[in-house]
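My notes are below the structure.

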Amino acid sequence: MPGLIQSIERSSAVLRLLAADRLRVGEVAEALDLPKSTAHSILRTLEHVGFVEQDPRTTRYRLGRGVLDLGATGLDVNELRGRALTWADALAARSGEEVRIGVLRDGQVLVVHHVFRPDDSAQSMDTGLVLPTYATALGKTLLAYHPTIASSVGRAGFDTYTRRTVTTRQELARQLGEIRSRGWGLAVEEWQAGRAAIAAPLRTSGGLVVGAIGISGPVETLCDTRRQARPVLVEHVRASARAISRDLAGT
């Protein structure tokens, strides 16, 4: 059996203590028989991830919103969208393609933000659109980091959108493994003929994936002659995802 992690044991004890009362650092240290510096480090870390809050007037700590949100579906989509706006606009400008940000909802992808491609062509707003997970880059990227949801996909069968749509759970599992290995997802004519998409995960504190950002466009624009994603576009998407993730983790 692997050894237990003492810092996690201590952190859980701090949370249980604060569930009963609001306490200062010294009081937490005394209650748990910890050095004051250790108690302070634990509280600062829990505050950083949103599990505790400090009253600036009394300096006492209490349970934070993050604990209450543990049973929710994830980061508030309005906060996610707000923190990603600037980077999504920049990604559209750099790539020349439309940008979508999506989150998992009821086993599908909900588009929470959409940036038009920077040209004068006719386009329609996709915010609020629901996409299939297994046939889109956004969806497969999200499934790759949510194994429970991924395992449930396909139990009722796969809808075929094009001749390239994934139709077996084995093939989907293989593709999700590739996404975890390389850190980004690709879909080529799986949802719409003639269209391709590249996506990367958005992470918050601790590496938790709360969404995905991606670009989509014509196959010949996003892919080379072997139908592989163009490296420069992959890096644009991944750089945007890293920037948004840094902002999210900083909260």
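These entries cover the cavity search and then a helix.

Entry 1: I worked on a predicted model. I searched the whole structure for cavities of 30 Å³ or more, and one came up. I looked up its volume: about 210 Å³ of space lies in this largest cavity.

**Entry 2: the lining.** Which residues lie nearest the centre of the largest cavity? I noted Arg-100, Thr-136, Trp-191, Ala-197 and Ser-216, out of 19 lining residues. By class, I found ten nonpolar, five charged and four polar residues in the lining.

**Entry 3: elements around the cavity.** I then asked which elements each supply at least two lining residues. They are strand E3 (98-105), helix H6 (137-144), strand E7 (195-203) and strand E8 (209-218). E7 gives the largest share, with four residues.

**Entry 4: helix H5.** I moved on to H5, residues 77-95.

**Entry 5: the buried residues of H5.** I listed Leu-80, Ala-84, Ala-88, Leu-91, Ala-92 and Ser-95 as buried. In an α-helix, residues three or four places apart point the same way, because there are 3.6 residues a turn. I checked what the buried residues of H5 pack against. The partners are E3, strand E4 (108-115), E7, E8 and helix H10 (231-249).

Methods:
Residues numbered from 1 in each chain as written. Predicted model: local features only at pLDDT ≥ 70, side-chain atom pairs only at ≥ 80, totals over all residues. Heavy atoms only, no water. 1 Å grid on protein atoms, 1.4 Å probe; cavity = no way out; pocket = protein on both sides within 12 Å on 5 of 7 lines; lining within 4 Å. Points joined across faces, edges and corners; volume = space filled by probe spheres on them. Nonpolar A, V, L, I, M, F, W, Y, C, P; charged D, E, K, R; others polar. Bend = angle between axes of the 7 residues up to and from the residue. Buried < 20%, exposed > 50% of the residue type's maximum accessible area, 1.4 Å probe, protein only. Contact = heavy atoms within 4.5 Å.
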